Amino acid sequence: MGSSVAIGVLLLLGALGPRADRGPSARVVPVATPTPTPTSATSTTSTTSTTSTTSTTSTTSTTSTTSTTSTTSTTSTTSTTVPPPVLVWADEFDGAAGQLPDATRWRFELGGHGWGNAQLEFTDDAHARLDGRGHLAITSEPLVAEAGIECWYGPCRFVSSRLTTDGLFAHRYGRVEIRASLPRGDATWPAFWMLGVDRAAMGWPASGEIDVLEHVGRDGDGVHGAVHGPGYSGGDAIVGGTTVDDVTAFHVYAVEWTAAAIEWSVDGRPYHRVDRDDVPSWPFDRPFHLVVNLAVGGTLGGDPTEADLQPHSFVIDHIRVYDLP
């Protein structure tokens with residue numbers, strides 16, 4: 001029995017061979033060992049046979065290969081790119097120092113009748129000039145009585161300039177912007193604004209007004225924008241304001257104007273919005289022309305002080321009009 005068991009063990013070890021790395025998913029089928037002929041005495045542990053039977057053992061090794069399918073999930077994010085606004089009109093104010101503004105884009109509005117707001121300046125064609133550094137400077141300064149220029153209240157106390165695109169350019173809807181440095185007087189009143197082209201036929205405020213930028217010197221660093229229309233004009237205009245870091249530094253003041261709303265911003269930061277449904281009437285579906293001027297005094301500017309008895313300049317880097325996508 002002992003020798004038979006030893007022979008069986010040796011045969012089993014020979015069949016298995018040396019240990020091999022079968023991998024984590026390998027499965028080995030057990031080897032079939034020779035079966036001795038049983039004797040009359042049967043042992044539950046081992047069987048001894050006097051007859052030696054040679055058994056040819058076929059060892060089959062089955063390797064189970066696990067196929068792992070790796071599925072990579074790609075999330076496709078659809079990004080909607082909004083096209084940029086399209087430039088339709090601009091003045092970059094390039095030119096030699098002392099040069100007049102481009103006459104194909106601007107014309108001067110002259111007079112001392114107060115411009116509907118009891119303004120104190122006489123507007124001429126001598127106080128708006130290019131500075132040779134890519135800017136337009138509109139300058140106000142005091143006048144003496146001896147100048148012989150009459151205003152609505154008597155001898156004019158101040159002189160400045162006022163420019164318009166009326167008859168040269170008008171546009172409906174879009175982004176309208178000015179990059180400018182504002183003066184620090186007390187009664188100085190720089191403004192960039194728009195008027196409906198049919199104002200002569202319809203009258204104001206029926207034709208509408210959009211004030212892109214207004215500033216009064218005594219307001220410090222506060223600026224505002226407004227709209228005027230039937231039922232909300234003059235002192236009842238719809239006004240929104242904000243504060244900038246130093247009005248004498250250059251900032252971009254803009255409106256984005258659609259059929260549904262007008263929104264004001266400074267340096268890309270919105271601060272005021274008027275929706276069509278916010279007002280009793282909406283006269284802003286017609287083309288508007290541009291106006292840029294530096295007033296002194298008047299219903300908004302107030303009474304001048306000694307701070308205004310010196311030249312002040314409204315310096316404009318560019319004015320641009322875009323179509324919105």
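Select Tyr253 to begin: in this predicted model Tyr253 is buried, with a relative accessible area of 1%, where buried means under 20% relative accessible area, exposed over 50% and partly exposed in between (1.4 Å probe, protein chains only). Residues are numbered from 1 along each chain as its sequence is written, and side-chain values use heavy atoms, with hydrogens and water left out. Because the model is predicted, local features need pLDDT of at least 70 and side-chain atom pairs count only at pLDDT 80 or more, while totals for chains, interfaces and linings use all residues.

Tyr253 sits in strand β15, residues 251-257 (strands are DSSP runs of E, at least two residues, and helices are runs of H or I, at least four, numbered from the N terminus). Leaving out residues up to four places away in sequence, the contacts of Tyr253 include Val176, Ile178, Leu213, Val244 and Val266, a contact being heavy atoms within 4.5 Å.

Next, select Thr188 in strand β11, which counts as buried at 1% relative accessibility. A polar atom of the Thr188 side chain lies 3.2 Å from the backbone nitrogen of Gly185. Beyond its neighbours within four places in sequence, Thr188 is in contact with residues including Ser140, His215, Leu294, Asp308 and His312.

Now colour the open sheet of seven strands, whose order is β2-β9-β18-β11-β12-β13-β14, with antiparallel pairing; two strands pair if DSSP finds at least two bridges between them. At the edges stand β2 (107-108) and β14 (238-243), each with a single partner strand, so one side of each is left without a neighbour in the sheet. Zoom in on β2, which two bridges join to the antiparallel strand β9, residues 162-164, and there Arg107 has Thr164 in β9 as its bridge partner.

Finally, show the largest pocket, which holds about 570 Å³ of space. A pocket is an open set of points on a 1 Å grid over the protein atoms alone where a 1.4 Å probe fits, with protein on both sides within 12 Å along at least five of seven lines, and lining residues have an atom within 4 Å of a point. Of the 25 lining residues, Asn117, Trp189, Trp204, Glu209 and His228 are the closest to the centre of the pocket. Strand β11 gives the most to this lining, with four residues. The lining divides into 10 nonpolar, nine polar and six charged residues, with Asp, Glu, Lys and Arg counted as charged, Ala, Val, Leu, Ile, Met, Phe, Trp, Tyr, Cys and Pro as nonpolar, and the others, Gly among them, as polar.

Methods: Grid points are joined across faces, edges and corners, and a volume is the space filled by probe spheres set on the points. A polar contact is a pair of N or O atoms within 3.5 Å; within protein, one must be able to donate a hydrogen and the other to accept it, and residues adjacent in sequence count only if both atoms are side-chain atoms.
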